[in-house]
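Q: Please take a close look at the surroundings of the ligand in this model. I would like one connected description, with some context on the chain that holds the site.

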Amino acid sequence: MARITLNGRPIETADGALMIDVAKEAGIHIPHYCYHPALGNPGNCRMCLVEVQGAPKLQPACRLKAVDGMVVRTDSPAVQAAQAGALELHLVNHPLDCPVCDQSGECGLQDYYMTIGRYKSGVAEDKRHMAKRKPIGPHVMLDQERCLWCTRCTRFLANVVKTAELGIFGRGHGQVVDLAPGKVLDNPYSGNVVDICPVGALTDRDFRYKVRAWYLESVDSVCPGCSRGCGVQVHTSTKRPWHNEGRRVARLKPRYNPEVNGHWICDEGRYSYKTLDQDRLGKVLRLRPAPAGLSAVGTELSWDAAWKEIAGRAGELMADKGAGGLAVIASGALSNEDWRSFKKLFVDSWKVVQFLFAPEPDQVGPEDSLLRRKEKVPNLKGGEALGFGTEFRSMSWDALARSIEAGRIWGLYVVDRDVAGVWGPAAAGLLGRLDFVVFQGPFKGGTGDLAHYRLPSTAYVEEEGSFTNFEGRLQRYAKALAPLGAALPDWEIFEGILARHRAGKGEAL
Amino acid sequence: MIITRHFDEPKLHELETYRKLGGYEGLSKALAMKPAEITEEVRKSNLRGLGGAGFPAAAKWGTVPPADKVPGPRYVVGNCDESEPGCFRDRVHVERAPHQVLEGLLIAAYAIGAKDAFIFIRGEYGRPHRALQTAVKEARAARLIGDDILGRGFSCDVMLMRGGGTYISGLDTALLESMEGKKSWPRQPPPFPTNYGLMGFPTLVHNVATLAMLPHIAARGGEWFAKIGTPKSGGTMIYSVSGHVEKPGVYEFPMGTPLRAIIEAAGGVAGGRGLKAVIPGGTSTPPLSADDLDLPMDFDSVRGKGSFLGAGGIIVLDETADMVEVVRLIIEFLSHESCGQCTPCREGSVWTERILERMLEGAGRPGDPANLERVAGNVTGRTICALGDTVGIVLKAYLKKFPEEFAALAGRNESVMRQEATANG
Ligand SMILES: Cc1cc2nc3c(=O)[nH]c(=O)nc-3n(C[C@H](O)[C@H](O)[C@H](O)COP(=O)(O)O)c2cc1C
Ligand code: SF4
Ligand code: SF4
């Protein structure tokens, strides 16, 4: 325990805690570029100099360890002058091309100039020139002129991902950040360097020139890309649809969560938003399944009509052929709320016994020791908590196909899963044998034309809910956008059918 | 004269000659003593580090943690990176008397219990490197390096390493990074190398001239050595004297010898011209004035004049020297050699270099001297290592000592500014 005095305020903190963290905890922001809580404190930017009573020189707060009795000022004239001086030196050779810089609006140089700078420039010399737009990987663009040499990117790549694609080459004012010979910045976490770069030296090739940062709105969410469930912020651009090629989500950014993802997310998750507005379903349709290769012919229904028809038709068939002939395909893409209504409808009411929700083969992918998990859906655990995977076992795709071929299955309810993606061209034939096929999901995929009923559901950014990650951690996500068309959350669709089913039974009885 | 005494002996670099003249007797004596006894002699000798900082050698040895506290190997590194403009004595030294350096290195290794010792040689120093290579071979053959040295049970190997040819590699922590195969970006102490050095183990880094004093201290005692110098700086200082003198070269004088005597030994100011300033310790040390000639040359006295004895690189500047050009050359060097790691040094050096360049090209502005002063202030004391400090300290010193010369260049500007305004309008 160390009792220190910070800007005149007595503060108790752990012995040896870094002053920059102690101050942050106390609500005092000390300017810095190179320090990053997950990447260490090289102390090279010299922006965080503070005054320590008794010390002959100002000390970098990112390397200053709290000791009992220490008296520190972060707001004295000497400190302010030093910090402004360090900022000025960062800007001497900076190109100041803010008007055409993608970082504008969220740049460390701009921000500090407005808070601690506001000096009149003393620079009358020409600036140094270096490479302005160098693609260094599939996702990242490098502008060497804007770099501050804070070494955050090189430290992240060397110490976190351990791939070390970037280095600082040359010496002194002639040095450049660049790719190491023969390397390309294409590791599965490359996008993070854009987030940690405090300036516009590393920008996102996908986001570049799409939307100005200040036009974005941000909502806290959870990445549905795998069962880790990394914290993300969904940055949307809805007021200026001409800005982002019409896409409503402009980017995903990691949201710090020490328990789940720390400061990072993987590229797969980060760029998953790109397809969010593509191939979307918005209409409730009764379909006449099409011959292979053609679009189904559909009749638009109201939700109420669709629910009534589906409840009625399923009820008839179950009475006629038994519930054992109805199979339901779902996945860990369902939220906890969805799973609850899913169980009410299919297990408690319809007594379905044939389920398929195992992620193989279409919902599995690469995993590693940093973040990525093999199961590419966010909420298998939420289903497990209700018995899906324990009490109710998942059948295999092969077994299901055999059952259909053997005529043991008369109906299929598919929730947000592309059957055609798994079965390939055989899917149309298999589904064509069935009396009753419902397809429900946000995306049409290859299955959307093979059903008798097609129900549009919301993407995760259009609903609120919660996922339970592979470690059993329950995480809420908020709604960032309005649903497209008539889309409803999956749980609401299940509840709608359930209500009509009960009403129907009541009438019948 | 202690270490340069036999420099004119033509074959001093050969082991046979070196031994004939008393070489390796100091090592022999040292190995007969306990390590603690040698440290005690060094303490009595008042030997100070000759690489620049003048830190008392024994005090530095004292910070090497005892083996029971920090187990594992210890290392000694002889620093022969010598890259500061005006400094060339280490080159002459290792070319002429490489065995003297090796002998000192082995004594230091014995004193702190190191079994591996290194000499780090400036990248561009080809001849000195070859001289040391030959000397190491000879010494190894004569069982002066390796196992059971002189049959006294002490074993120590010596390895030579060459730098990448950067000034910053001479700074101890950057030197260690370079030895580890990394870019020589200085570490930020604490911890200091004697605690956390090469590969993280306690490492003693000394300038090769400091090491070369050890055989003589071991042979003749610390008190003898102390008596040669001043009460706080024992023994002698080795100078590289250059600039406007008749006989530039390497000179050795007892600590405390007046500057005048050193310049006179070097033949006085060239061409009998008047003296303007003297850089006492290499270009990173502020200049002394012409009327400082009676200053006793030792670490503390030079410090009293606002400068440093540094590594003894005396540069004599006569009345014809343009001091703005002199400081521009120094800043150009520092900006070229800044490792680039920390912002104030990297940017402050190149910015001030450009301002000075512009002034000398005749495009000075009225605010230039004040701006230089201000930027120097934003660099001094704000950087990771002393190279950055040097930028600020040296600039400020020249601005303060020769304000008229800066003002003269800043004065030409008004018209230039007007011209610019017209051109832009
Ligand atoms: C920029 C810079 C360059 C240096 N270069 C050298 C050098 O070339 N040789 C040297 O002996 N010391 C050099 N030093 C000093 C070393 O860091 C270190 O203090 C010295 O080697 C210790 O030796 P000593 O105790 O014998 O003085 C340099 C220091 C700085 C800041
Ligand atoms: S590219 Fe960005 S993160 Fe990397 S060193 Fe430069 S400023 Fe820092
Ligand atoms: S002061 Fe200069 S030389 Fe020293 S670490 Fe900083 S940039 Fe490198």
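A: A residue is counted as near a molecule if one of its heavy atoms lies within 4 Å of it. On that basis, 18 residues are around ligand 1, and those that come nearest are B:G51, B:N79, B:D172, B:N207 and B:T210. The model is a predicted one, and the values below are computed from it.

The shell around ligand 1 divides into five nonpolar, nine polar and four charged residues. Strand β5 of chain B, residues 203–207, gives the most to this shell, with three residues.

On its own, ligand 1 has 610 Å² of accessible area, and the protein covers 88% of it.

The loop that lies between α8 (172–179) and β5 of chain B holds B:P190, and B:P191 is found in the loop between α8 and β5 as well. Two cis peptide bonds occur here. One joins B:P189 and B:P190, with omega about -5 degrees; the other runs from B:P190 to B:P191, with omega near 0 degrees.

As for the chain as a whole, chain B contains 18 helices and 12 strands. Its C-alpha atoms fill a box of roughly 85 × 45 × 35 Å along the principal axes. The radius of gyration of chain B is 23 Å, which agrees with the value near 22 Å for a compact globule, because that is what 425 residues would give.

Confidence can be stated for the chain and for the complex. Chain B has a mean pLDDT of 95, and 97% of its residues reach 70 or more. The exception to note is residues 415–425 of chain B, where pLDDT stays under 50 and the model has four contacts beyond four places in sequence. For the complex, the predictor gives an ipTM of 0.92 and a pTM of 0.94.

One backbone detail belongs to chain A. There, A:A164 has a positive phi of about 50 degrees although it is not a glycine, and its place is in the loop between α4 (152–160) and β8 (166–169).

How values were computed: Residues numbered from 1 in each chain as written. Chains lettered and ligands numbered in written order. Predicted model: local features only at pLDDT ≥ 70, side-chain atom pairs only at ≥ 80, totals over all residues. Heavy atoms only, no water. pLDDT = per-residue confidence, 0-100. Contact = heavy atoms within 4.5 Å. Areas by Shrake-Rupley, 256 points an atom, 1.4 Å probe, with all protein chains shown as cover. Helix = DSSP H or I, 4+ residues; strand = E, 2+ residues; numbered from the N terminus. Nonpolar A, V, L, I, M, F, W, Y, C, P; charged D, E, K, R; others polar. Rg over C-alpha atoms; globule rule 2.2 N^0.38 Å.
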